[in-house]
Amino acid sequence: MNYLQKRILKDGQVIDEKILKIDSFLNHQIDPKVMHEIQSDFFDYFKSREITKVLTIEASGIAPAIMVAAHFQVPMLFAKKSEPSTLAGQDKFSTLVHSFTKNKTSEIIISKEYLNEHDKVLIIDDFLANGEASLGLIDLVKQAGAEVVGVGICVEKSFQPGRQRLIDAGVDVHSVCRIASLAGNKVTFVDEEDEKLA
């Protein structure tokens, strides 16, 4: 059992069979030790991929993404959910993403200045449920003519379709923690044998 799994069991709160609250250490208040463990895991898995950029979506993905980017010594870029005045009238890539948590569809954007066909992009996010955010980021990378080298997820809800949707899109997905179920107000992880077969 890795550090993130132990911390989820210690401090995570199961809200219902689809929602796990871990904002005391991952996506509201952030524990740097958790982030250090997460970025080390991502670096070990993706270190041979010649990554030139780490991409995420605001806001919860920013903390793990900047840690990973620092380890790879490459820039971190995040897609914005609203257009700031500094991007008005500029060339940009955009796509629509539906948020499972907020039940809201947003346009996400990145400036064409910061992503091009020479980039090899690692996408990082905090949660994977239905895969909408990751698929949206993949769409932005494809619009730029860049290459997605993989998707790194802190916490994957394996009982939802996101992972399979990303695999079907031809993407290598690596999750630090995979949750098999939240039934019965209990966190059950995908065990290591199941993970090897997935």
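**Cysteines.** I started with C154: its sulfur is 9.6 Å from the closest cysteine sulfur, that of C177, which is too far for a bond. I took a disulfide to be a pair of cysteine sulfur atoms within 2.5 Å, and by this rule I count 0 disulfides. I also looked up burial, where buried means under 20% relative accessible area, exposed over 50% and partly exposed in between (1.4 Å probe, protein chains only). C154 is buried at 0% relative accessibility, and C177 is buried with a relative accessible area of 0%.

**Ground rules.** I am working from a predicted model, in which local features need pLDDT of at least 70 and side-chain atom pairs count only at pLDDT 80 or more, while totals for chains, interfaces and linings use all residues. Residues are numbered from 1 along each chain as its sequence is written, and side-chain values use heavy atoms, with hydrogens and water left out.

**Largest core.** Which residues touch the most other members of the largest nonpolar core? I found L4, I8, L26 and V155, out of 33 residues in this core. A nonpolar core here is a set of buried Ala, Val, Leu, Ile, Met, Phe, Trp, Tyr and Cys residues joined through side-chain atoms within 4.5 Å. Two or more residues each come from helix 1 (3-11), helix 2 (32-46), helix 3 (62-72), strand 7 (120-128), strand 8 (147-157) and strand 9 (173-181). Helix 2 gives the largest share, 6 residues. Helices (H or I, at least four residues) and strands (E, at least two) are DSSP runs, numbered from the N terminus.

I then followed L26, leaving aside neighbours within four places in sequence: L26 is in contact with V34, M35, I38, D126, C154 and V155. Contact means heavy atoms within 4.5 Å.

**Rings.** I found 2 aromatic pairs, counting rings of Phe, Tyr and Trp (its six-membered ring) with centres within 6.5 Å; planes under 30 degrees apart are stacked, over 60 edge-to-face and the rest tilted. F43 and F72 have ring centres 4.8 Å apart and planes at 50 degrees, so I logged this pair as tilted. F43 sits in helix 2 and F72 in helix 3, 29 residues apart, so the pair links distant parts of the chain. Both F43 and F72 are buried.

Y45 and F46 make an edge-to-face pair, 4.8 Å centre to centre with 80 degrees between the planes. Y45 is partly exposed at 33% relative accessible area, whereas F46 is buried at 0%.
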